[in-house]
Amino acid sequence: IEAKTIWNYYKSTCIDLTGYPSATFNFQYVGVAGGTVQSLSSHLDKVYNADGVDAGVALAAEVVGEKVLVSVSLKSDVAANYHLALWVLEDDVYGYQSGASESWMHYHNNCFRAWLGEGSRSDISGVNWGEVAEKSISHKVYEIPVENDWVKDNLKVLAIISRPTTSGKYEVVNTTVCKVGDSASFNYMSKDIM
């Protein structure tokens with residue numbers, strides 16, 4: 001169900017999404033027929049080697065009862081209105097894989113389990129963080145429900161921060177991943193040291 005939710009979300013956002021596996025990069029489709037891992041990698045390298053990023057995100061996550069409690073810090077060099085997506089992922093999930101020739105091929109990592117959202121159950125894009133002042137750090141705490149049959153030791157949280165471009169579309173500014181029970185610090189090359 002979760003995979004289909006992601007599929008439907010990107011299908012409505014990127015109209016030429018045609019098959020699994022596929023990926024989008026700033027709303028540009030890269031898939032099995034339409035591109036290669038190398039072309040996606042070169043896009044990522046170009047952004048990584050750019051003149052720095054305006055913001056970073058740090059996380060700490062832990063399971064408390066039947067929820068993942070996530071403490072998020074957003075650091076910004078510029079005043080901007082940010083959007084935050086938090087996705088709960090699980091590693092080592094068994095799922096039959098057609099065409100697998102060895103048993104390990106039926107185990108999957110980074111399986112999409114849950115997300116922080118507003119309103120629609122199918123909207124995986126996250127929530128509005130709000131305005132962050134120039135050269136400042138903002139903090140918030142979120143709770144995401146988890147299911148009993150998930151292996152809590154195999155969970156991690158992916159944070160994606162974005163902000164609107166001049167055209168009004170949201171573009172990813174930075175991401176961070178954190179294993180549940182651990183923390184992840186800011187990881188970006190600031191244009192100015194804060």
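This is a predicted model: local features need pLDDT of at least 70, side-chain atom pairs count only at pLDDT 80 or more; totals for chains, interfaces and linings use all residues.

User: OK. What is the strand order in the open sheet?
Analyst: The order is β10-β4-β3-β13, with antiparallel pairing. Strands here are DSSP runs of E with at least two residues, numbered from the N terminus, and two strands pair if DSSP finds at least two bridges between them.

User: Which strands stand at the edges?
Analyst: β10 (136-145) and β13 (182-184). Each has a single partner strand, so one side of each is left without a neighbour in the sheet.

User: How many bridges between β4 and β10?
Analyst: β4, residues 67-76, pairs with β10 over 10 bridges in the antiparallel sense. Within that pairing, Ser71 is opposite Val141 of β10.

User: Switching to β11. Which strands does β11 pair with?
Analyst: β5 (residues 80-90) pairs with β11 over 8 bridges, and β12 (residues 170-179) pairs with β11 over 9 bridges. Both pairings are antiparallel. Ala85 has Ile160 in β11 as its bridge partner, while Leu158 has Val177 in β12.

User: And what is between β11 and β12?
Analyst: The two form a hairpin with 5 residues between them. Gly168, in the turn, has a positive phi of about 95 degrees.

User: Is β11 mostly covered or mostly open?
Analyst: Mostly covered: of the 10 residues in β11 (155-164), 8 are buried. Buried means under 20% relative accessible area, exposed over 50%, and partly exposed in between (1.4 Å probe, protein chains only).

User: Ser162 then, buried or exposed?
Analyst: Ser162 lies in β11 and counts as buried because its relative accessibility is 9%.

User: What does Ser162 touch?
Analyst: Leaving out residues up to four places away in sequence, Ser162 touches Asn81, Tyr82, His83, Tyr170, Glu171, Val172 and Val173. Contact means heavy atoms within 4.5 Å.

User: Now the outside. Where does Tyr96 sit?
Analyst: Tyr96 is in the loop between β6 (93-94) and β7 (107-108). Tyr96 counts as exposed because its relative accessibility is 64%.

How values were computed
Residues are numbered from 1 along each chain as its sequence is written. Side-chain values use heavy atoms; hydrogens and water are left out. Helices (H or I, at least four residues) and strands (E, at least two) are DSSP runs, numbered from the N terminus.
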